[in-house]
Amino acid sequence: MQRPSRVARAPLVELPQRRHGVAERDAGLAALASACGGGALPLLTYLSIGRNQIGDAGCKALAAAFTKGALPACEELSLLWNKFGDAGCEALAAALDAGAL
């Protein structure tokens, strides 16, 4: 199997660092997760969404998308410097335990 190109490995998203609240960032991540759950970006191997004030709701939306088969080639997920807590971590851990990540 041929490895995806370097372009496909580049970070997908770095949302502008504006002073939006967590709810707006979660809604943006939910929209991204929905698009990926619909089959968008199937060759993406690296998703970087750090420093975006993503909360628990955003992590839950992302975890649900992964569980439904979103981003099947994703090998690396960067979530540094966000606002999610235990509930977001638990949702991502459950997706990982289910083999979705």
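What do the buried residues of α2 pack against? They pack against β1 (46-48) and α3. Buried here means under 20% relative accessible area, exposed means over 50%, and partly exposed lies in between (1.4 Å probe, protein chains only). Helices (H or I, at least four residues) and strands (E, at least two) are DSSP runs, numbered from the N terminus.

A word on the model comes next. The model is predicted, so local features need pLDDT of at least 70, side-chain atom pairs count only at pLDDT 80 or more, and totals for chains, interfaces and linings use all residues. Residues are numbered from 1 along each chain as its sequence is written, and side-chain values use heavy atoms, with hydrogens and water left out.

Start with helix α2. The expected span is 1.5 Å times one less than the number of residues. The buried residues of α2 are Arg-25, Asp-26, Leu-29, Leu-32, Ala-33 and Cys-36. They cover an arc of only 125° around the axis, so they sit on the same side of α2. That arc is taken from the directions from the helix axis to the C-beta atoms. An α-helix has 3.6 residues a turn, so residues three or four places apart point the same way. The opposite face of α2, turned away from the buried side, carries the exposed residues Ala-23 and Ser-34. After α2 comes Gly-39, with a positive phi near 105°.

Now turn to helix α3. It has 12 residues and reaches 16 Å from its first C-alpha to its last, close to the 16 Å expected at 1.5 Å a residue. Gly-58, Cys-59, Leu-62, Ala-63, Ala-65 and Phe-66 are buried in α3. Their arc around the axis is only 160°, which puts them on the same side of α3. The cover over these buried residues includes α2, β1, β2 and α4.

How do the two helices meet? Helix α2 (residues 22-37) and helix α3 (residues 56-67) pack at an angle of about 5°, with their axes 8 Å apart. That makes α2 roughly parallel to α3. Angles under 35 degrees count as roughly parallel, over 145 as roughly antiparallel, 65 to 115 as roughly perpendicular and the rest as oblique. Axes are lines fitted to C-alpha atoms, for helices over the stretch in contact, and angles run from 0 to 180 degrees between N-to-C directions. From α2, Asp-26, Leu-29, Ala-30 and Ala-33 take part. Their partners in α3 are Asp-56, Ala-57, Gly-58, Cys-59, Ala-61, Leu-62 and Ala-65. Contact means heavy atoms within 4.5 Å. The residues of this contact divide into 8 nonpolar, 1 polar and 2 charged.

Gln-53 is found in the loop between β1 and α3. Its phi is near 55°, a positive value in a residue other than glycine. Gln-53 counts as partly exposed, at 26% relative accessibility. Just after α3, Gly-69 takes a positive phi of about 100°. Gly-69 lies in the loop between α3 and β2. Its relative accessibility is 44%, so Gly-69 counts as partly exposed. The C-alpha atoms of Gly-69 and Leu-101 are separated by 9.1 Å, although the two are 32 residues apart along the chain. Trp-81 is found in the loop between β2 (76-78) and α4 (86-97). It has a positive phi of about 55° although it is not a glycine. At 66% relative accessibility, Trp-81 counts as exposed.

Methods. Nonpolar A, V, L, I, M, F, W, Y, C, P; charged D, E, K, R; others polar.
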